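We'll hop from the whole fold to single residues, one selection at a time.

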Amino acid sequence: MEKQDFYLTNKEITQKTQETTAGSWNKLAQGSLICALIIAVPVVATIILAQFFSWYVTLIMAIISFIVFAIMNYGYHSFMQDFVDSTTTKLSTLFSGFSKSVFKIIILHFVMLVILAIGYALFIVPGVLLTLRYSMTLFCLRDDNKLSVFKAMSKSGELMKDNYLRLFKTFFVNVKWLLLGLVTAGVGLLWLLPKYLTTKVIFYEDLKTDF
């Protein structure tokens, strides 16, 4: 299908983000906090155990940390996607990664980690382009969990064709808020990450109008 010539502007996406999140910050912050705590537990455990045990124990814990991150990252994206679609979502959606697709979710995160690591090792720019190309993969998988890992990545690539610069600009509209969240010792991210992901979901829904 031929790409449409008109998409939402950054200003329109920002306005829609504000309208969508208005009055929902407490619930969104709760979702962010729950997800962050669950991801942090095995990471902290890995750091502590590394001081007392052999390398293989640290390796096992690092693998567990990665698995937990993959599952919760998928759940958090699903939580935000549900929120944007209906402005109502249950906190239980955060755990939607614990499903029959759990192994696919873990493998997907591993494949993307390897690809992006190689991309960033090649002087940053390829890594940025690959990040943009596969930025919609989790949303694609959530919309159709029958997709294979590579089909989901391919679908993201199709959606993002000719839209790299648009998403790059949209990212920089929000990057100042993410930096503010980091400056506040990460506490601000509980509110600002939902804002960023809301924007990303709106961008994704806009892209889907072509397919």
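Predicted model: local features only at pLDDT ≥ 70, side-chain atom pairs only at ≥ 80, totals over all residues.

Residues are numbered from 1 along each chain as its sequence is written, and side-chain values use heavy atoms, with hydrogens and water left out.

**Stop 1: the whole fold**

Colour by secondary structure. How many helices and strands does the protein have? There are nine helices and zero strands; these are DSSP runs numbered from the N terminus, with helices being H or I of at least four residues and strands E of at least two.

The protein exposes about 11,800 Å², and carbon and sulfur atoms supply 71% of that (areas come from the Shrake-Rupley method with a 1.4 Å probe; for residues, only the protein chains shown count as cover). Of the 211 residues, 42% are buried. Buried means under 20% relative accessible area, exposed means over 50%, and partly exposed is in between (1.4 Å probe, protein chains only).

**Stop 2: α2 beside α3**

Select residues 25-49 for α2 and 55-86 for α3. Their axes lie 8 Å apart at an angle of about 175°, so α2 is roughly antiparallel to α3. Axes are lines fitted to C-alpha atoms, for helices over the stretch in contact, and angles run from 0 to 180 degrees between N-to-C directions. Under 35 degrees counts as roughly parallel, over 145 as roughly antiparallel, 65 to 115 as roughly perpendicular, and the rest as oblique.

Show side chains where they meet: the contact includes Cys-35, Ile-38 and Ile-39 of α2, and Val-68, Phe-69 and Met-72 of α3. By class, the residues of this contact are 18 nonpolar, five polar and one charged. Nonpolar covers Ala, Val, Leu, Ile, Met, Phe, Trp, Tyr, Cys and Pro; charged covers Asp, Glu, Lys and Arg; the others, Gly among them, are polar.

**Stop 3: α2 across α9**

Residues to pick include Trp-25 and Leu-28 in α2, and Trp-191 and Pro-194 in α9.

While you're in α9, click Thr-198. Is Thr-198 buried or exposed? Thr-198 has a relative accessible area of 0%, so it is buried. Among the residues Thr-198 touches are Thr-17, Met-80 and Phe-83.

**Stop 4: the core**

Next, select Tyr-76, Met-80, Leu-108, Met-136, Met-153, Phe-203 and Leu-207, the residues with the most contacts inside the largest nonpolar core, which has 37 residues. Such a core is a set of buried Ala, Val, Leu, Ile, Met, Phe, Trp, Tyr and Cys residues joined through side-chain atoms within 4.5 Å. Helix α3 gives the largest share, seven residues. Zoom in on Leu-108, whose partners include Thr-137, Leu-141 and Met-153.

**Stop 5: a loop residue**

Finish at Asp-162, in the loop between α7 and α8. Asp-162 isn't a glycine, yet its phi is positive, about 70°. Most residues other than glycine have a negative phi. Asp-162 counts as exposed because its relative accessibility is 65%.

Methods: Contact = heavy atoms within 4.5 Å. Lists of a residue's contacts leave out its neighbours within four places in sequence.
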